[in-house]
Amino acid sequence: MALCSSPLPRCCLLGSLLLALGELGHSSELTFTLEPSDVVAVEAHPLKLHCQVEGMQPISKSWRKNGVLLSNSEHISLLANGSLYITKFQKLRDDGSSDEGEYDCTAQNRLGLLVSRKAKVQVATLSPFHVQPRSMVVEEGGVARFQCQIHGLPEPLIMWLKNRRPLEPRDDRFTFLPTGVLQITRVGEDDSGIYQCVAANTADTRHSEEASLTVSGSRSNIYKEPKILVGPENLTLTVHQTAVLECVATGNPRPIVSWSRLDGRPIGVEGIQVLGTGNLMISDLSVQHSGVYVCAANKPGTRVRRTAQGRLVVHAPAEFVQYPQSISRPVGTTAIFNCLAQGEPIPHLTWLKNGEILAPSGHIKLKNNNNTLTINGISPEDEAIYQCIAENDAGSTQASARLTVLWAEGLPGPPREVKAAALSATAIHVSWSEPSENTRDIIGYVLHIRKTADAVEMEYQEAVSKTTLQQAVTDLQPCTGYTFYIKAYTSRGASKPSKLAVSSTLGEVPAVPALFIKVLNSTAIQAAWETTIKLGQQEGFKLYYRRIHGSHFTGPVLLPSNVTSYNITQLDPMIAYEVKLLAFNRHGDGNSTVRFVALRDAAERSVLNTPCDCLKEEHSSKTSTTGIIIGTHIGVTCIIFCVLFLVFGYRGRLLMCKNVEDRLATPQTPSRAQRNSQGLVLNGGPRRGREEFTANRKMADMNELERLFPAPVPNDHQHKGLMANNISPISEEQPSLICQNSVFPLDEFVVTQEQHTTFETVVQCSIDHPELNVNQISFTAAKDSSSVTAE
């Protein structure tokens, strides 16, 4: 019992109180040993219904028909053993009454009253035939079928006559189905005659009309497609009955009849029998036999087939899976009975208290589709026999349990002077005084708690030590009314409940809202906030703001609860501000949230971080995708410069980088760290500056190139190849060329090209000359940028 070591947890203390009460030994309860069963009575014959019960004596028995109590009369009497005897059963009496109906037996002793299951009593009947055999002409070797249908209670037996004599099956060509069908296969001349059926039960015997069978022609070998003359009918039966699914097929050659289930489940072999040439009989039906059955007529040796189907529904009477159990409970506690039944269709459950239908009330609740009966705050008046009645179309059954209410002499009186006072928004203090009598045997108290607006069964309990006459109830909801009462417990039972005490928790101020500040411009900000879950009875918000270290706030600005933002304007851009927000309701102001904002820093950041020109950036991204081609153009352009100077014999200074930058607005090579996904960083500045500069000088660049290089490119095969593969017209999207300052004679010139990756091309110009102070010029074209270096 380590779990309940001192100090006692509340759950352990409450459990100890209930266990200390114990369970009283159950007296011999009322139990039926034999209940009346459904029966079919014979008109004008006597009928006896049996009922046997055991339990604490004396026991009185009675019978009811359709819920009405029966008494001894001329034709009804109650036997000493408890059976009901009807001297002459009649479907309809002279006074308009009938002996048919639902009968139940009741038994009562000082512990309560018990009701048996309902027994359906019907009179035996036999209706006229509603389907009679018909005359037919059948070819020799064909199939003949006669049918009789008649309704009766009990189910009538049907036999067949031929030429007014009982027909005995001579061979397997004759099939007699329990449903009143006669099948004759491979009909021959000897089968011709007059056929008639006879139906009989305890009520009567009836003869059908006569029908003739005529056999014509002789056996034919002409091919005939398989054909199903009669397929299975839809049937609804009860468990343990027998189902007969008929299937009659014809064809030449004789078709093979097979059965299957539409859901693919196996039919099985237990209780399965084939009658005649293809009829399926299922004995001792169960619910698992329900389904759609398919009869197939197959032409031997082929896949030619014809099918017919019928649905079988098997009903099962109600039976219990869980029975209610008899219990003993002290006054004021809760009693719970559980009852679970199964059947097909699903049974309906009804509860009885001492034989009377039990309806839900203030302290009696039915839950889970009537599977659970709960009695809260039980009193001596709740002591009774409770029954669970399960009923469906296939039958009914009952189960019972007894509630014993414990009440001992010398129990303490109810606790006195119960008071409840609110401590906070989530706690209430409850106090009381000892009962005025029998306090020596008290082992503890139980405090019952519920919201005042809730139903009685929604209460919960907290156990309290016998030395403690007060309890702080916590984890309550703010501004909510609660009802309390106390019981004193002894080992023999509990006291009556104390008087009720009602109190409400205090109101709760709203929680702290989440505040966010957004700078709109140099003189305006926006305060935005989110409401939280625990705002209580919120009425609105209060907004304050002031300069940093200012002595007074501006505000409050009162805002309704549905507003979640507010713009503060006409601020000084050179000063930082403090913004404060809190929520309030009728219980007071909640805690505030404070934020600080500096408009000057925000304004400077907005100037530096100018918004991007989306159109230009998109244009730049398109340009970057052709970086390899652009870089190749740059490299080949430099090669052209070298070739032109060789052809025309120029010597001296080629280009001054400063001059070229001024004329051509040529970009410098960005390092890898300077590249980004938005564009190239040219000349140490952003791409936007380069584009603006290029836009201003693009026409001048084109003119300058034409002026510097008026001569055509020499018709050199190697150069033509370079031109054809690598040179495209210069456009405004292509970056200009940057060369370094060099003075060298062009005596020997070698062009090499190396492809490093799919994203970068390096073109090198190597010059071998003793006066040359530039050993190699390398041109690199990358996907995202271009670079030119000289060594």
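Is Ala44 buried, exposed or partly exposed? Ala44 is partly exposed, because its relative accessible area is 41%, where buried means under 20%, exposed means over 50%, and partly exposed is in between, with a 1.4 Å probe and protein chains only.

Before I go on, a word on the model. This is a predicted model, in which local features need pLDDT of at least 70 and side-chain atom pairs count only at pLDDT 80 or more, while totals for chains, interfaces and linings use all residues. Residues are numbered from 1 along each chain as its sequence is written, and side-chain values use heavy atoms, with hydrogens and water left out.

Back to Ala44. This residue sits in the loop between β2 (39–41) and β3 (47–49). When I say strand, I mean a DSSP run of E with at least two residues, and a helix is a run of H or I with at least four, both numbered from the N terminus. Ala44 has a positive phi of about 70° and is not a glycine. Most residues other than glycine have a negative phi, and most peptide bonds are trans.

His240 is another case, with a positive phi near 75°. His240 lies in the loop between β24 (235–238) and β25 (243–245). His240 is exposed, at a relative accessible area of 63%.

Now the cis peptide bonds. One joins Gln57 and Pro58, with omega about 0°. Pro58 is in the loop between β4 (52–54) and β5 (60–65). Another cis bond runs from Gly555 to Pro556, with omega near 10°. Pro556 is in a strand, β52 (residues 554–560).

Next, the sheets. Strands of a sheet pair through backbone hydrogen bonds, either parallel or antiparallel. Here, two strands pair if DSSP finds at least two bridges between them.

β28 pairs with β29 (residues 279–282) over 4 bridges in the antiparallel sense. Across that pairing, Val274 is opposite Leu280 in β29.

Another open sheet of 3 strands runs β49-β50-β53, with antiparallel pairing. Its edge strands are β49 (514–521) and β53 (565–568), each pairing on one side only. β50 (residues 524–530) is joined to β53 by 4 bridges, and the two run antiparallel. Ile525 has Ile568 in β53 as its bridge partner.

One more strand pair is β42 (residues 428–433) and β45, antiparallel and joined by 4 bridges. Val430 is opposite Gln471 in β45.

A few single residues. Gln196 belongs to strand β20 (residues 193–200). Gln196 is buried, with a relative accessible area of 12%. A polar atom of the Gln196 side chain lies 2.6 Å from the backbone oxygen of Ser208.

Gly268 is in the loop between β27 (256–261) and β28 (272–275), and is partly exposed at 43% relative accessible area. Gly268 and His289 are 21 residues apart along the chain, with their C-alpha atoms separated by 9.7 Å. Ile336, in strand β33 (residues 335–338), is partly exposed at 46% relative accessibility. Its C-alpha atom is separated by 10.0 Å from that of Leu366, 30 residues apart along the chain.

Last, the largest pocket. A pocket is an open set of points on a 1 Å grid over the protein atoms alone, where a 1.4 Å probe fits, with protein on both sides within 12 Å along at least five of seven lines; lining residues have an atom within 4 Å of a point. About 1,600 Å³ of space lies in the largest pocket, the volume being the space filled by probe spheres set on the points, which are joined across faces, edges and corners. How many residues line the largest pocket? There are 48, and Glu155, Thr236, Leu237, Thr238 and Gln241 lie nearest its centre. By class, the lining has 22 nonpolar, 16 polar and 10 charged residues. Nonpolar covers Ala, Val, Leu, Ile, Met, Phe, Trp, Tyr, Cys and Pro; charged covers Asp, Glu, Lys and Arg; the others, Gly among them, count as polar.

Technical notes. A polar contact is a pair of N or O atoms within 3.5 Å; within protein, one must be able to donate a hydrogen and the other to accept it, and residues adjacent in sequence count only if both atoms are side-chain atoms.
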